Amino acid sequence: MDFPTFLVQCLNAIQYGLLLFLVASGLTLIFGIMGVINLAHGSFYMIGAYLAYLLAPMFGDHFITMLVAGMLMAAVFGFVLEWVFFSFLYGRDHLQQVLMTYALILVFEELRSILVGNEVHGVQAPGWLAGGISLGGMMTYPAYNLFASAACLVVAFALYWVVNRTRLGMMVRAGASNRDMTRGLGINIRLLYRAVFAGGVALAALAGMIAAPAASVYPGMGGGVLIMCFVVVVIGGIGSISGALLAALLVGFVDTFGKVFFAQLSGIGVYVLMAVILVWRPQGLRNKGF
Amino acid sequence: MHSSVPLAAGAVAPRARWRGDWLAPAAVAVVLAFAPLVLETYYQELVMKIVIYAIFALSLELLAGTTGLVSLGHAAFFGIGAYATALAAPQYEAGSPLLLLGLSMLAAAAYALLVGALSLRTREVYFIMVTLAFAQMAYFVFHDTPIGGGSDGMYLMMRPVLKAGDTVLADFERPLHLYFAALGLLVLCYAFLALVLRSRFGHALAGIRINEQRMRAAGFQTYRYKLAAFVLAGALAGIAGFLYVSKNGVVNPELLSWHESGAVLMMIILGGLGSLRGAVIGAAAFVLLKEFYSSEALLGPAIAGRWQLTLGLTMIAFVALLPKGLVGIGRRFSFKRSRP
């Protein structure tokens, strides 16, 4: 493997890892705060990708405006979803929530099929990101993919800032470490739940929208991402955002280079990684704090 | 010293409930045994499908309902059981069902030992995710490598035939023989699990579900108990896998997919966790609902093609209205607590 190829693979790994991080951070936040195992989280990623497919022709070159608009729509969607389907489940067994989210996957898949059909779609990258960047020799790297990584990084830093430096983030951290005490201090935990859920949905949808032009948009794309996110959350430590970032990048590298070196067994590498980490640290890489 | 430990609520006066508990399942088994006399082939197939999924659901019930270990990767053992039969069956002659059944159970149990040894180091949500991930790993092994025909799967060329000397006792090529084999295995599994739940081992598992810390303090090596339950559940799922391939004659990686793992978990939650009959009722309800919603004859092609939507909405309604599962409906009207 020569250097430019190596560089390209590294960039691919980082891009994949960062996208996974966006989805997994929502999953880990929702679990950390609300104790909900959201199987439907992959569906939000899929919804995001289809949103990009529907919105891209309308917004044209205003790609970033589109991302913001899509995120807002997804947040509103998440807010309503939590209200209608989850708010009455908190007192109940965790498994009731698992059943609910599984049922939601079926509903989302079918609604997607009714609304936009079952075909595989591509999404055009905006004009100003269409070209490639030369890496020396014959190698070029698509400008859009660099943009995707950069956008994910910006969101990751924004998330870090919100959780660690703002009043909302303080409430989120308080809710995660002690639910009852937080409620006792007069914080509206119901509203906090709804906000966190909406945020998680928005992050997953954003990841879907960013991924759409780099990959294709297809039915069932949520399932694969969901399981990868589970792996990320398990490796990183549940409820930890920094752990999720570390784990997502690790998974990105193992998966990408696994495909290069062991093409036939590439699907398995990530799970072997998970098994090794489990033997070494059963609670994940970072199990305390954010 | 172990036996003096006060255990879970399930340990209260087992003898008094003995007869009542057996009546309903035994009656159902007898009815099903005579059902082929009146049922058309289509309905026989449907009952067989329910029976197979009921065995699958029972195996998960031992883990999730009894021991409190919620696995979202149980389809791996079902699929591995099915693949073991398909791979080990001779190409040009019928294999022995006992041998193939044993192999299926062994293969599933072996993978369960590996997965259990690792995933039981974690608990609760981690456990859910880790079992899911390991099942996905097995899925990719069959999906990406040519062992079992890759993503297309493989056929079982000749269905097994049970012979004693030269006389054929059961030919699985004949649907009726397979029907009775499946029903017999379900009865065996149910009775076996009912005995397990009444044994010291079963009470220890229930104790682990309720308070693992206390069980450990009482001197139980809970990890070993949980691992034993995990391997046992894997082996029982292997039985369901063996029956599946004997009935359908084909296996593919989707048998191991997380949709299948999710479906079987849904069955036992739908039926009501914590009772064997709940698992069977849940399996029947899930299969029948899916069959009903995807039936073009009953609902017309427009609605039948959208069965995921109708099934999903029905399940949401179940969650909202029946927090204790289908078994809970019966309990609401009777004072007698019935488990398993």
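Helix axes are lines fitted to C-alpha atoms over the stretch in contact, and the angle between two of them runs from 0 to 180 degrees between N-to-C directions. This report applies that description to a predicted model.

**Two helices of chain A**

Two packed helices are described by the angle between their axes and the distance between the axes. In chain A, helix α1 (residues 3–34) packs with helix α5 (residues 143–165) at an angle of about 40°, and their axes are 9 Å apart. Angles of 65 to 115 degrees count as roughly perpendicular and those under 35 degrees as roughly parallel; α1(A) and α5(A) are therefore oblique to each other. The crossing of these two helices, α1(A) and α5(A), is left-handed.

Which residues of α1(A) and α5(A) meet? From α1(A) come A:Leu11, A:Ile14, A:Gln15, A:Leu18, A:Leu19, A:Phe21, A:Leu22 and A:Ser25. From α5(A) come A:Asn145, A:Ala148, A:Ser149, A:Cys152, A:Leu153, A:Val155, A:Ala156 and A:Leu159. By class, the contact of α1(A) with α5(A) holds 12 nonpolar residues, four polar residues and no charged residues.

**Chain A as a whole**

The secondary structure of chain A consists of 11 helices and four strands. Chain A has a radius of gyration of 19 Å, close to the 19 Å that the globule rule gives for 290 residues, so chain A is as compact as a globular protein of that length. The other values for the chain are listed below.

| Property of chain A | Value |
|---|---|
| Span of the C-alpha trace along its principal axes | about 65 × 50 × 35 Å |
| Share of the 290 residues that count as buried | 50% |
| Share of contacts with a separation of 6 or more that join residues 24 or more positions apart | 77% |

**Where chain A touches chain B**

The contact between the chains takes 34 residues from chain A and 34 residues from chain B. On the side of chain A, the elements that give two or more residues are α4 (94–116), α9 (221–236) and α11 (266–280). Among these, α4(A) gives the most, with 13 residues. By class, this side of chain A has 27 nonpolar, four polar and three charged residues.

**A glycine in chain B**

B:Gly150 lies in the loop between α5 (124–144) and β1 (154–155) of chain B. How many other C-beta atoms lie within 10 Å of B:Gly150? There are 14, so B:Gly150 is partly exposed; a residue is buried at 20 or more and exposed at 12 or fewer. B:Gln221 is 71 residues from B:Gly150 along the chain, and the C-alpha atoms of B:Gly150 and B:Gln221 are separated by 41 Å.

Terms used:
Residues numbered from 1 in each chain as written. Chains lettered and ligands numbered in written order. Predicted model: local features only at pLDDT ≥ 70, side-chain atom pairs only at ≥ 80, totals over all residues. Parallel < 35°, antiparallel > 145°, perpendicular 65-115°, else oblique. Left-handed = near helix turned anticlockwise from the far one by under 90°. Contact = placed C-beta atoms within 7 Å. Nonpolar A, V, L, I, M, F, W, Y, C, P; charged D, E, K, R; others polar. Rg over C-alpha atoms; globule rule 2.2 N^0.38 Å.
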